Amino acid sequence: MKYDIISAPSYSLVEMSLNEGESVIVEPGSMTWMDTTVKPKTEMKGGLFAGLKRRMGGESFFLNTYTAEGGSGTIGIAPGYSGDIIVKELNNETLYMERGAYLCHVGNIETSATWEGFRGFFAEGMLGLRVSGTGLLFFGSYGDVQEVDVQGSYTVDNGYAVAWESSLDYSIGRSGRKIRSFLFGDQLICNYHGNGKLWVQTRSPRNLAAWVHPFRPVQRDNK
Amino acid sequence: MNIKIDSEGAFGSAVVELEPGEKFVSEAGAMYRASSNVDIEVVSRKKEGQGFFGGIAAGLRAMMAGETYHLSSYQAGRGPGEVGLAPTHQGEVRKVEIGSETWICSGGSYLGSSAGIELDTQYQGLTKGMFSKEGLVFVKASGQGDLLVNGFGRISEVAVDNGVTIDNGHLIAFTDGLEYEIGKAGGGWISSMMSGEGLVMKFRGQGKILVQSHDPSRLGGALGPLLPPRKG
């Protein structure tokens, strides 16, 4: 298997060449194009319960496996957002991830929804995704993705954390300590603790949606 | 203080490295990452010695600029710290040095500024404010330090010598001393409207202007009608 990430960091796409018999597991909807030698197979990886857990974590019930059959083949994989893609080699490790950040993987990696490591993510949906095993993992988000090496602690605005290593723990706080910040709707922030890697995104789909909101037509009451 | 600007690709952002005790200010909510020794406070836009009511009046003016009422302020505590700032839209972030020059920023282009910069709101006047897409109030940045602005798309610098015409909706900032008026793009009103350019900003004097390649209100205008109506 060989891969290349093209058009990074703004419109990243994974271009992956598979040798005969090799497979990649892809989040449904993320396959952009592929050779005819690449055959898709849709399955409920890990059975019904695992599928449900994945669904609750904001990912799809089904996962698609693409295998090169009768020769080698190439496949293009891109997320729904325009943004960066990060490649991480997992060696019997666990990552926690925001809903929607998972893109694809090669190897023996399991994805499932979890409460573990996710506390008080009201704005994000209650569950996150736990990704663990051994293999090559691809994930991404809207905007650029920056890697932060956390030594001790680090602060991220709510909604901007993409993924973090399981050695990190976090708590939710408010940015200001004065009563004033409560009155004026201050932002919720996540404080990460421990030593490990954290990935943050530089744009928020929620902020973009909030900006577009005033441009919506106004509903008239026809009484 | 050191500002690292990530300008690769479509999503510009800035990470401001602060020495112990150093301060930085941004548009409220622009922070997406920060080291944990950075104190984050929300401050209302007001001048020193203005008092409570002065602060409110300044805040109201800022509100009319289509900007957030509040600014966020960041201060590194013990040891050096960092704070990352990013705008809402796709596009570049640029650092502007304030010192020998004073810059005036349009409503939504202000991202942040260092502590040595004094921010003041400038009322554009009703006629200009009503007809320009840049808002009623601009932000004037004077003093000594760095100003961060954001643009939708690419940011380019235009030198003004004999006058320059900027399409309404593309202005980011201009140097103090330049004068502008809102006018029609073409010779007559009909040809101006037919050309699709409508109203433009005509600058006179000597100085510099920062313009953005894209007009955010056109994106809003394209997306808005595709969404279900909102309650009025």
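How many aromatic pairs does the structure hold over all chains? The structure holds 15; the rings of Phe, Tyr and Trp (its six-membered ring) pair if their centres lie within 6.5 Å, with planes under 30 degrees apart counted as stacked, over 60 as edge-to-face and the rest as tilted. This is a predicted model, in which local features need pLDDT of at least 70 and side-chain atom pairs count only at pLDDT 80 or more, while totals for chains, interfaces and linings use all residues. Residues are numbered from 1 along each chain as its sequence is written, chains are lettered from A and ligands numbered from 1 in the order in which they are written, and side-chain values use heavy atoms, with hydrogens and water left out.

**View 1. An aromatic pair between two strands of chain A.** A:F139 and A:W199 form an edge-to-face pair, at 5.4 Å centre to centre and 80° between the planes. Because A:F139 belongs to strand β10 (residues 128-140) and A:W199 to strand β14 (residues 188-201) of chain A, the pair ties together parts that are 60 residues apart in sequence. Strands (E, at least two residues) are DSSP runs, numbered from the N terminus. A:F139 is buried at a relative accessible area of 0%, and A:W199 is buried at 1%; buried means under 20% relative accessible area, exposed over 50% and partly exposed in between (1.4 Å probe, protein chains only).

**View 2. An aromatic pair between chains.** The ring centres of A:Y142 and B:F11 are 5.6 Å apart and their planes stand at 75°, so this pair is edge-to-face. A:Y142 lies in the loop between β10 and β11 (145-157) of chain A, and B:F11 in the loop between β1 (2-6) and β2 (13-18) of chain B. Both A:Y142 and B:F11 are buried.

**View 3. Surroundings of A:S10.** A:S10 is found in the loop between β1 (2-6) and β2 (13-18) of chain A and counts as buried at 5% relative accessibility. A polar atom of its side chain lies 2.5 Å from the backbone nitrogen of B:A10.

**View 4. An open sheet in chain B.** Six strands, paired antiparallel, follow the order β11-β12-β9-β16-β19-β14; two strands pair if DSSP finds at least two bridges between them. β11 (117-123) and β14 (155-160) of chain B stand at the edges, each with a single partner strand, so one side of each has no neighbour in the sheet. β14(B) pairs with β19 (residues 207-212) of chain B over six bridges. B:E157 has B:L210 in β19(B) as its bridge partner.

Technical notes. Helices (H or I, at least four residues) and strands (E, at least two) are DSSP runs, numbered from the N terminus. A polar contact is a pair of N or O atoms within 3.5 Å; within protein, one must be able to donate a hydrogen and the other to accept it, and residues adjacent in sequence count only if both atoms are side-chain atoms.
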